[in-house]
Amino acid sequence: MITMDDIVREGNPILTQVATKVELPPTSEEIDTLKEMLMYLKNSQDPEIAEQYELRPGVGLAAPQIGISKRMIAVHFDDLDEKISHGLFNPRIVSHSVEKAYLTSGEGCLSVDREVPGYVPRYARITVKGTNIEGEELKLRLKGYASIVIQHEIDHLNGIMFYDHINPDNPFEKPENAIALD
Ligand SMILES: Cc1nc(NNC(=O)[C@H](CC2CCCC2)CN(O)CO)c(F)c(N2CCN3CCOC[C@@H]3C2)n1
Ligand code: NI
C-alpha cells in the first residue's frame with residue numbers, strides 16, 4: 001500500500017517536470033498503480049487507517065508524487081451530494097470557464113511539508129477528458145470543489161505547484177471575477 005514514505009517532497013525535480021503520456025491501453029502495472037493511488041486516498045480518509053499508518057488526508061493524488069512521471073491522477077471525495085471517485089489516464093482540460101474560483105482556506109499539498117498561505121485562483125468550471133481504469137474514454141464537466149481538485153492534480157502532471165498561482169505581492173487579494181469556495 002502507498003504510505004507517506006512513498007510521497008515525494010518538494011525539492012525533488014520530478015515535481016517540476018512535465019509527466020509523460022501513458023500509452024493506451026495502459027499496462028497492468030499502470031492500472032495497479034492507479035488503483036493503489038485511489039486506495040491511498042480512501043485509506044487517508046479513514047480515521048483508523050490514517051492514524052495507524054500516519055497518512056496525511058488527501059482527496060487527490062498525481063503519479064509524480066509517488067515518483068512516477070506519468071500522466072495519471074486519482075481523485076476521491078464527496079462533493080455536495082455525489083461521490084467523486086476517479087482514476088484517470090492522460091487527463092486534459094478541453095474547455096474551461098473564464099470565471100475563476102478559489103478555496104477560501106487556500107490549498108495544501110502532500111508533497112509540501114509546510115503551510116503556504118494565500119488564495120489559489122483556478123477555473124470555476126472545466127470539461128476534462130481522460131481514460132478511466134476500465135479503459136473507457138470519459139468526459140467530465142466539473143464545477144466548484146471537484147473542479148479545483150482536478151486542476152490541482154493536472155497541474156502536478158505539468159510540474160506546477162499550487163503556490164505557483166498565489167499572488168506574491170498580496171496572497172489574499174480577492175482574485176478578479178472569482179467565486180469564493182468555502
Ligand atoms: C481540500 C482538501 N485537501 C485535503 N488534503 N490535501 C489534498 O488532498 C491535496 C490536493 C487538494 C489540495 C487542494 C485541492 C486538491 C493532495 N495533493 O497534494 C495532491 O496533489 C484534504 F484532506 C481535504 N479533506 C476534505 C474531505 N475530507 C473527507 C474526510 O476525510 C478527510 C478529508 C479531508 N480537503
Ligand atoms: Ni498536490
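## A tour from the nickel site outward

Start with His152: its relative accessibility is 10%, so this residue counts as buried (under 20% relative accessible area; exposed is over 50%, partly exposed in between; 1.4 Å probe, protein chains only). You are looking at a predicted model, where local features need pLDDT of at least 70, side-chain atom pairs need 80 or more, and totals for chains, interfaces and linings use all residues. Residues count from 1 along each chain as its sequence is written, chains are lettered from A and ligands numbered from 1 in the order written, and side-chain values use heavy atoms, without hydrogens or water.

**Select the nickel ion (ligand 2).** Its protein donors are Cys109 (SG), His152 (NE2) and His156 (NE2), at 2.1 to 2.4 Å. Donors are N, O and S atoms within 2.8 Å of the metal (3.2 Å for Na, K and Ca); water is not among the atoms, so sites may look incomplete. The donor residues follow the spacing C-x42-H-x3-H. Cys109 sits in the loop between β4 (100-103) and β5 (122-123), and His152 in helix α3 (residues 144-157), so the pair ties together parts 43 residues apart in sequence. Helices (H or I, at least four residues) and strands (E, at least two) are DSSP runs, numbered from the N terminus. Cys109 is buried too, at 4% relative accessibility.

**Select α3.** Of its 14 residues, 13 are buried. Just after α3, Gly159 has a positive phi of about 75°.

**Show the largest pocket.** Its volume is about 420 Å³. Which residues lie closest to its centre? Of the 20 lining residues, they are Gly58, Val59, Gly108, Tyr145 and His152. A pocket is an open set of points on a 1 Å grid over the protein atoms alone, where a 1.4 Å probe fits, with protein on both sides within 12 Å along at least five of seven lines; lining residues have an atom within 4 Å of a point. The volume is the space filled by probe spheres set on the points, which are joined across faces, edges and corners. α3 gives the most to this lining, with 5 residues.

**Finish with the backbone.** Most residues other than glycine have a negative phi, and most peptide bonds are trans. Select Leu24 and Pro25: the peptide bond between them is cis, with omega near 0°. Pro25 is in the segment before α1 (28-44). Next, Glu54 has a positive phi of about 55° although it is not a glycine. Glu54 lies in the loop between α2 (47-53) and β1 (60-62), and is exposed at 66% relative accessibility.
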